[in-house]
Amino acid sequence: MLRPDGDLPTDFGLTNFGPTTCGRFTALPVLIILHGPMSTPGRVGNALRAMGHPLDIRRPVFGDPLPDTLANHAGAIMFGGPMSANDTEDFILREIDWLKVPLKEKRPYLGICLGAQMLAKHLGATVAPHPEGRAEIGYYPIRPTEAGRSICSRWPDHVYHWHREGFDLPAGTELLAEGDDFPVQAFRTGRCFGIQFHPDVTHAMMHRWTTRGHERMSLPGARDRAEHFAGRMVHDHSERAWLSAFLDGWLHRPPRLQTPANEVGGLIASLAAE
């Protein structure tokens, strides 16, 4: 499987992370950091495998070590979990401290929900519950900033959430997307990104989360179970398309700080089936 050079626009939007530096294709594994015995990388894993990347899955909560360098990985993704970035368990502290590796080496890192909160905390931002106890459980609107659109030109207007904590924008980082109850929805510093929402969730995962975590849907601001599946019918296609475009640019094209308006990024990966 080769990743051709050149631009392939589609109806789902373009990414613009700058000129390619990886040649025609890289098959380095992507480090996957999970937080539960039943956790999976979901749609993110499907998309990465479709690009040809093996997955190196680690669960530090069960004692798996994290590498001292990402030289042998294409990038790293830290997923969500029921714990808090403010917890004091040893594995939480080790994961937060480990984030110095992708930051120092300027390697691609993506934090999803808890993974984004850990990145924000590592960078000195406050991670905390909503001041009125509100939660985002279900689909909610999102508004990309100009910087966000310069990286990925077409974002979904609603994305899937499952969290009660948010964070301030870390000093020196770039805001990519905003929300209502939780204003910071996506940010980046260099090649390290954090997103509050869950593009990784497959249909099967949504069934599992809304069954096992049904009590969360009684929190202020949360959507009821029927709204989760109704929202998926409306919003999932655009969120899936955004994920594929984003992942390709995140792994294969380092972000440039300023993007000429007449330049667009290259290949957008095929959408991965669930």
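In β4, Tyr 109 is the bridge partner of Ala 76. Strands β3 (residues 75–78) and β4 (residues 109–112) run parallel and are joined by 3 bridges. Helices (H or I, at least four residues) and strands (E, at least two) are DSSP runs, numbered from the N terminus. The model is predicted: local features need pLDDT of at least 70, side-chain atom pairs count only at pLDDT 80 or more, and totals for chains, interfaces and linings use all residues. Residues are numbered from 1 along each chain as its sequence is written, and side-chain values use heavy atoms, with hydrogens and water left out.

Axes are lines fitted to C-alpha atoms, for helices over the stretch in contact, and angles run from 0 to 180 degrees between N-to-C directions.

| α7 (residues 225–252) | touches β1, β3, β4 and β12 | about 140° with β3 |

The open sheet has 8 strands with mixed pairing, in the order β2-β1-β3-β4-β12-β11-β10-β7. Its edge strands, β2 (55–58) and β7 (143–144), each pair on one side only. Two strands pair if DSSP finds at least two bridges between them.

Ile 92 sits in helix α2 (residues 90–98). Ile 92 counts as buried because its relative accessibility is 0%. Buried means under 20% relative accessible area (1.4 Å probe, protein chains only). Beyond four places in sequence, Ile 92 contacts Met 83, Ser 84, Ala 85, Asp 87 and Met 118.

Terms used:
Buried < 20%, exposed > 50% of the residue type's maximum accessible area, 1.4 Å probe, protein only. Contact = heavy atoms within 4.5 Å.
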